[in-house]
Amino acid sequence: MTDIRDDARAGFEAVFGRASDGLWSAPGRVNLIGEHTDYNEGFVLPFAIDRRTLVALGVREDRTLRIASTFADEAVEIPLDELLAGADGAVPAPGALGGWSAYPLGVAWALGESGADLSAVPGLDLFIDSDVPVGAGLSSSAAIECSVGLALNDVWRLGLDRPALASIGQRAENVAVGAPTGIMDQSASLLGAADHAVFLDCRTLDSELVPLGLDEAGLAILVIDTGVKHAHATGGYGERRAACERGAAALGASSLRDVTVDELPRAQRLLDDVTFRRVRHVVTENQRVLDTVAVLRTQGATGIGELLDASHRSMRDDFEISVPELDLAVETAVGAGALGARMTGGGFGGSAIALVRVGDLSRIQVAVDNAFGEHAYGQPDTFVVSASDGATRN
Ligand code: ADP
Ligand code: MG
């Protein structure tokens with residue numbers, strides 16, 4: 001089997017006709033628990049997975065950026081100074097950069113906007129290869145942003161730390177791509193470590209690594225990619241975000257982070273039914289993240305199944321971001337012996353995760369395949385992920 005690192009280097013040579021100067025990579029992520037809490041200044045508990053996006057890079061003698069990917073036949077080319085022209089307050093209109101290149105070019109733009117001195121940095125050729133499934137809720141978007149961000153930070157000697165690079169990735173996604181996503185994915189991709197989850201406080205951006213101990217417990221995380229594609233730049237994601245802001249404002253809170261489970265009865269009296277249920281999801285989900293961290297530290301992963309189940313119910317019934325395929329994946333996995341299961345990522349498609357005993361893996365995979373077949377849904381892609389190290393120079 002060829003190593004994906006060799007593929008990335010070979011891809012670079014094929015497109016740019018010379019050897020690359022260096023290779024960087026960043027992983028996708030699975031969110032163990034804490035969904036739609038990041039932009040509410042709450043808590044999340046993702047981990048970086050053993051699927052990565054690689055960037056092979058070559059330094060140029062001029063100030064042009066050329067970006068190619070296994071996604072596209074031709075490199076996208078833009079003079080760095082044209083890209084940065086919008087840096088003084090004038091932001092590129094969402095989508096102005098166009099297509100997939102908005103992610104990596106958005107990172108370069110966001111670095112300029114953040115005040116990094118790019119006046120003398122060289123142009124670059126970049127080639128991007130990846131084995132993170134795209135649009136599957138495993139954050140191929142953060143993987144591309146963070147691999148490119150780390151590469152540019154190193155080559156251009158910008159000296160930014162990982163939390164700063166996470167913010168750069170988020171800014172690229174929010175402004176250049178136009179997807180109003182939070183800071184979770186980039187934080188997981190940059191701060192993850194093998195066998196650990198990243199417990200992140202999205203208000204303070206303080207983070208802590210929490211041991212998962214899956215191997216010792218004889219457990220694995222099974223991803224069930226339903227194949228239903230989501231798009232965060234459109235529709236439901238932004239609506240949910242707006243509902244949260246509305247709910248917080250009506251409750252006199254600066255964000256839903258400041259609303260506790262005890263205050264939900266009052267919230268129910270003050271809010272319309274839909275807004276209340278959106279609020280209840282976020283408030284109870286924040287508590288479930290804290291509970292999951294506590295259980296991991298005391299009993300280990302064996303004890304978190306019910307919290308995963310409760311999280312899924314909350315997303316299905318209160319936040320209404322699940323789809324029938326995700327519900328079927330979750331119900332079937334739990335019915336076939338998973339300790340717990342939930343959809344993961346922003347919703348409206350993508351993947352579910354199930355916490356399973358290693359000995360039950362095949363049986364659960366077959367059960368899920370069968371259930372999808374019976375419902376005449378497309379066959380899901382099921383695979384085990386392990387918690388892995390964050391972005392790195394390879
Ligand atoms: P997710 O993050 O769940 O995979 P998103 O819609 O947030 O889904 O991001 C997917 C988008 O990111 C793709 O449609 C593409 O524009 C961009 N992208 C991700 N990986 C790559 C890659 N290897 N090459 C080029 N673009 C990529
Ligand atoms: Mg994404």
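Guide: The largest cavity holds about 50 Å³ of space. A cavity is a set of points on a 1 Å grid over the protein atoms alone where a 1.4 Å probe fits but cannot get out; the volume is the space filled by probe spheres set on the points, which are joined across faces, edges and corners. This is a predicted model, where local features need pLDDT of at least 70, side-chain atom pairs count only at pLDDT 80 or more, and totals for chains, interfaces and linings use all residues. Residues are numbered from 1 along each chain as its sequence is written, and side-chain values use heavy atoms, without hydrogens and water.

Visitor: Which residues line the largest cavity?

Guide: Rolling a probe the size of a water molecule over the atoms shows where empty space is left. Here the lining (residues with an atom within 4 Å of a point) is Pro 163, Ala 166, Ser 167, Ile 183, Ser 187, Leu 191, Leu 200 and Leu 205.

Visitor: How much area is buried between domain 1 and domain 2?

Guide: The size of an interface is often given as the accessible area lost when the parts come together. Domain 1 covers 2-208 and domain 2 covers 210-385, bounds that come from an automatic or database domain assignment. About 3,600 Å² is buried between them (accessible area lost with a 1.4 Å probe, summed over both parts), and carbon and sulfur atoms give 61% of that area. In domain 1, Ile 33, Glu 35 and His 36 lose the most area to domain 2.

Terms used:
Chains lettered and ligands numbered in written order. 1 Å grid on protein atoms, 1.4 Å probe; cavity = no way out; pocket = protein on both sides within 12 Å on 5 of 7 lines; lining within 4 Å. Buried area = accessible area lost by both parts, 1.4 Å probe.
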